[in-house]
Amino acid sequence: INTVTSTVWIMSSRKVAYVGTFLPDSLREAHDWSTHSPAGRAQQQSTISALSQIGCQVDVVASMMPIDGEAGLVSKQSDETDDARVIVPPGVDLIPTSGPPRLLSLLRTLQFKLVLPIFVTLQLCRLARREDYDVIMFYNFNIITAFPSLIAGLLFHTPIVIDFNDSRLDS
């Protein structure tokens, strides 16, 4: 689907689930932004705002984990902005404050490649069951946004749109 076609198609949709790493300022302090680009945040905020301005109800499922440094259960967080309802799913933080570097690296990999996608998928499926979304959008091709979106799209027969931008001219 080209950009014009997908834009017109989205305009006819009214309920949009957006899976990305966007967080409003009220929730940003408790999350690790060291691996996220400011440009990516601006792009997501722009897309969410544009969807809202054309009359879409947007629910954001943020693929983020808090940085409290304590291993254990993490509760769900949510907030409303002018453009969207933002939900950070509950989860399990596997990463302790200290330990052998190899163990911490392994736990970090498990956290972001397995545990986080599972909890984002569960949260998105819970919302999709209740809200009956017209479309599910996800930001960029990474496991923490693509996997949950594809699973929910397949389970609930919901079309999927990828919000992808690449600054490289050769791609």
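From the N terminus on, the elements of the chain follow the order α-β-α-α-β-β-β-β-β-α-β-α-β. They amount to five helices and eight strands, where helices (H or I, at least four residues) and strands (E, at least two) are DSSP runs numbered from the N terminus. The model is a predicted one, in which local features need pLDDT of at least 70 and side-chain atom pairs count only at pLDDT 80 or more, while totals for chains, interfaces and linings use all residues. Residues are numbered from 1 along each chain as its sequence is written, and side-chain values use heavy atoms, with hydrogens and water left out.

Of the 171 residues of the chain, 43% count as buried. Buried stands for under 20% relative accessible area, exposed for over 50%, and partly exposed for what lies in between (1.4 Å probe, protein chains only). The accessible areas themselves come from the Shrake-Rupley method with a 1.4 Å probe, and for residues only the protein chains shown count as cover.

**Strand E1 and its partners**

Strand E1 covers residues 15-20, and it is largely enclosed by the rest of the structure because five of its six residues are buried. Strands are taken to pair if DSSP finds at least two bridges between them. E1 runs parallel to strand E2 (residues 57-62), to which six bridges join it. Within this pairing, Ala-17 has Asp-59 of E2 as its bridge partner. E1 also runs parallel to strand E7 (residues 135-139), here with four bridges. Tyr-18 is bridged to Met-137 in E7.

**Salt bridges**

A salt bridge is counted where a side-chain nitrogen of Lys or Arg is within 4 Å of a carboxyl oxygen of Asp or Glu.

| Pair | Closest N and O atoms |
|---|---|
| Lys-15 and Glu-131 | 3.3 Å |
| Asp-59 and Arg-85 | 2.8 Å |
| Arg-85 and Glu-131 | 3.6 Å |

In the salt bridge between Lys-15 and Glu-131, with its closest N and O atoms 3.3 Å apart, the pair links distant parts of the chain, with Lys-15 in strand E1 and Glu-131 in helix H4, 116 residues apart. Lys-15 is partly exposed at 25% relative accessibility, whereas Glu-131 is buried at 18%.

The closest N and O atoms of Asp-59 and Arg-85 are 2.8 Å apart. Asp-59 lies in strand E2 and Arg-85 in strand E5 (residues 85-88), so this pair ties together parts that are 26 residues apart in sequence. Asp-59, which is also the bridge partner of Ala-17, is buried, with a relative accessible area of 2%. Arg-85 counts as partly exposed at 23% relative accessibility.

Arg-85 also forms a salt bridge with Glu-131. This pair again links distant parts of the chain, Arg-85 being in strand E5 and Glu-131 in helix H4, 46 residues apart.

Helix H4 spans residues 101-131 and contains Ser-105. Ser-105 is partly exposed, with a relative accessible area of 40%. Its C-alpha atom is separated by 9.0 Å from that of Ile-95, 10 residues apart from Ser-105 along the chain.

Patches are made of residues with over 30% relative accessible area and no salt bridge, like charges being joined within 9 Å and nonpolar side chains (Val, Leu, Ile, Met, Phe, Trp, Tyr) within 5 Å. A nonpolar patch on the surface is formed by Leu-103, Leu-106, Leu-110, Leu-114, Ile-118 and Leu-122, which together have about 520 Å² of accessible area. One of these residues, Ile-118, lies in helix H4 and is partly exposed, with a relative accessible area of 39%.

Lys-76, Arg-126, Arg-129 and Arg-130 form a positive surface patch. Lys and Arg count as positive and Asp and Glu as negative, while His and the chain ends are not counted; the place of a charge is taken as NZ of Lys, CZ of Arg, CG of Asp or CD of Glu. Lys-76 is found in the loop between strand E3 (72-74) and strand E4 (77-80), and is partly exposed at a relative accessible area of 41%.

**Residues with positive phi**

Asn-140, a residue other than glycine, has a positive phi near 60°. Asn-140 is placed in the loop between E7 and helix H5 (143-156) and counts as buried at 19% relative accessibility. His-157, also a residue other than glycine, has a positive phi near 50°. The loop between H5 and strand E8 (160-163) holds His-157, which is exposed, with a relative accessible area of 72%.
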